[in-house]
Amino acid sequence: MTPRRKRLLIVLGILGGVGASVALAVMASRENVMFYFDPSQIAAGQAPHDKRFRVGGMVVKGSVVKTSSQVHPDEIDVRFVLSDFQHEVPVKYSGVLPDLFREGQGVIAHGQLDANGTFLADEVLAKHDEKYMPPEVAGSLKKQHAGVMSGGAAPKSTAAESAAAGSAPMGAAQMNAVPTAPVSSNVPTT
Amino acid sequence: MNWTWFHRLASPPHVYRLATRLAPWLYAGAALGIAYGLIAGLFFAPPDYQQGDAFRIIYVHAPSAWLSLSAYTTMALAGAVALVWRIKIGYAVAAACAPIGASFTIGALITGSLWGRPMWGTYWAWDPRLTSELILLFLYFGIISLRQAFDDPARGDRAAAVLGLVGVVNVPIIHYSVQWWNSLHQGATLAKWAKPSMPGSMLVPLLSVLLGFMLFFGAVLCTRLRAEVLVRERQSNWINEMVSIP
């Protein structure tokens, strides 16, 4: 074995060794690194009641109720319902909401469950997806979608595209696994 | 096939002259790409349907983030070539890459933070994508300081190259973090095996800035590489001949 070959093998060995150990660490941490639960897991009783964790889901349309806060006059109390299209969890939050917080948007709330099953959030983060489009395009997609719903024969790809446009609080792959995901649920009324 | 041009890339004087000749063209191309992309992206591209004009920070953020990764990969490759084939110019390239890559990383982190505040609702979250990009910055800092931590520059070069190689595992982690974990950060818009999730009116300026950033990286790399070669080869005859007053 030439010295050069030996050095090449050492370099490849370092890469392989570090790569394998990191891959193992990644796989081990995937499940619990974020203390993340979706509404279905909360409904199944898997979420802890005495620990803080994150819950992600879509803000259910028509569920957002804002009242001005009794404690801090400049803040507002918000109640809304988070859904993963199978189960729902009510959320209570007071404070400033991000710009993207709106009904039908994917959000991640950080906080704790109370005894009644309401999630008391102290942080609400809005998630957006990797799709960018001009407002007119979003508008026309919405119109086509309306055509699909009323029995119109819109091209299949359009429906699939707008379905994928829904902000996924989970990974896009997991999102696609949700069978009842409503089409283009997050295209806001403009 | 004639490989002379390839073998000559190992020769410091040749690389020095090549970098000197290439740099102006790269700077010019970078200026054109960045200028067109930023003007088209910031003023003429349509606003996003959800984020409005705030999405335009993507024209700085995404190219910075991409370059932070490609600069790292370039640095690690150059270090590997130097380690395995004992080609010294590889160490010079790796040393020249590190501060540029670190700067792109800082740029990506700062612009991302400014974007996250209005959209997500926070400047910073201990999110997989954000955290792994921060680790990338610390890797850059570690590599830069490790190189200088030895009295013998050759040992510093080797140690930095090994650390660079070890850190290369972070590059795919950064890229796939948005798929592997429940990340606040959205998935890839361009770097995937599918159609970009963006119409042409938004995409073309972005690609233009990306190309401009790549050329800019190449241009700064040429400038820094020339300085590295001058310092590293300061005892050699070709430099003495070049700088001696006739």
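Trainee: How many residues does α3(B) have, and how far does it reach from its first C-alpha to its last?
Mentor: Bearing in mind that this is a predicted model, α3(B) has 28 residues and reaches 40 Å between its first and last C-alpha, which is close to the 40 Å expected at 1.5 Å a residue.
Trainee: Is α3(B) mostly covered or mostly exposed?
Mentor: Mostly covered, since 20 of the 28 residues in α3(B) are buried.
Trainee: And what comes just after α3(B)?
Mentor: There you find B:Arg86, which takes a positive phi of about 55°.
Trainee: Switching to the interface, how many residues of chain B are in contact with chain A?
Mentor: On the chain B side there are 42 residues, and they are in contact with 43 residues of chain A. The area buried between the two chains is about 3,800 Å², and carbon and sulfur atoms give 63% of that.
Trainee: Which three residues supply more than any others of the area that chain B buries?
Mentor: Those are B:Tyr49, B:Gln50 and B:Asn182, which together supply 23% of the area that chain B buries against chain A.
Trainee: What about salt bridges and polar contacts across it?
Mentor: The rule finds zero salt bridges between chain B and chain A, while 10 residue pairs, both members at pLDDT 80 or more, are in polar contact.
Trainee: Which element gives the largest share of chain B's side?
Mentor: That is α3(B), with four residues, and the other elements giving two or more are α4, α6 and α7 of chain B. By type, the residues on that side divide into 27 nonpolar, 11 polar and four charged.

Methods. Residues are numbered from 1 along each chain as its sequence is written. Chains are lettered from A and ligands numbered from 1 in the order in which they are written. This is a predicted model: local features need pLDDT of at least 70, side-chain atom pairs count only at pLDDT 80 or more; totals for chains, interfaces and linings use all residues. Side-chain values use heavy atoms; hydrogens and water are left out. Contact means heavy atoms within 4.5 Å. Buried area is the accessible area (1.4 Å probe) that two parts lose on being put together, summed over both. A salt bridge is a side-chain nitrogen of Lys or Arg within 4 Å of a carboxyl oxygen of Asp or Glu. A polar contact is a pair of N or O atoms within 3.5 Å; within protein, one must be able to donate a hydrogen and the other to accept it, and residues adjacent in sequence count only if both atoms are side-chain atoms. Ala, Val, Leu, Ile, Met, Phe, Trp, Tyr, Cys and Pro count as nonpolar, Asp, Glu, Lys and Arg as charged, and the others, Gly among them, as polar. The expected span of a helix is 1.5 Å times one less than its number of residues. Buried means under 20% relative accessible area, exposed over 50%, partly exposed in between (1.4 Å probe, protein chains only).
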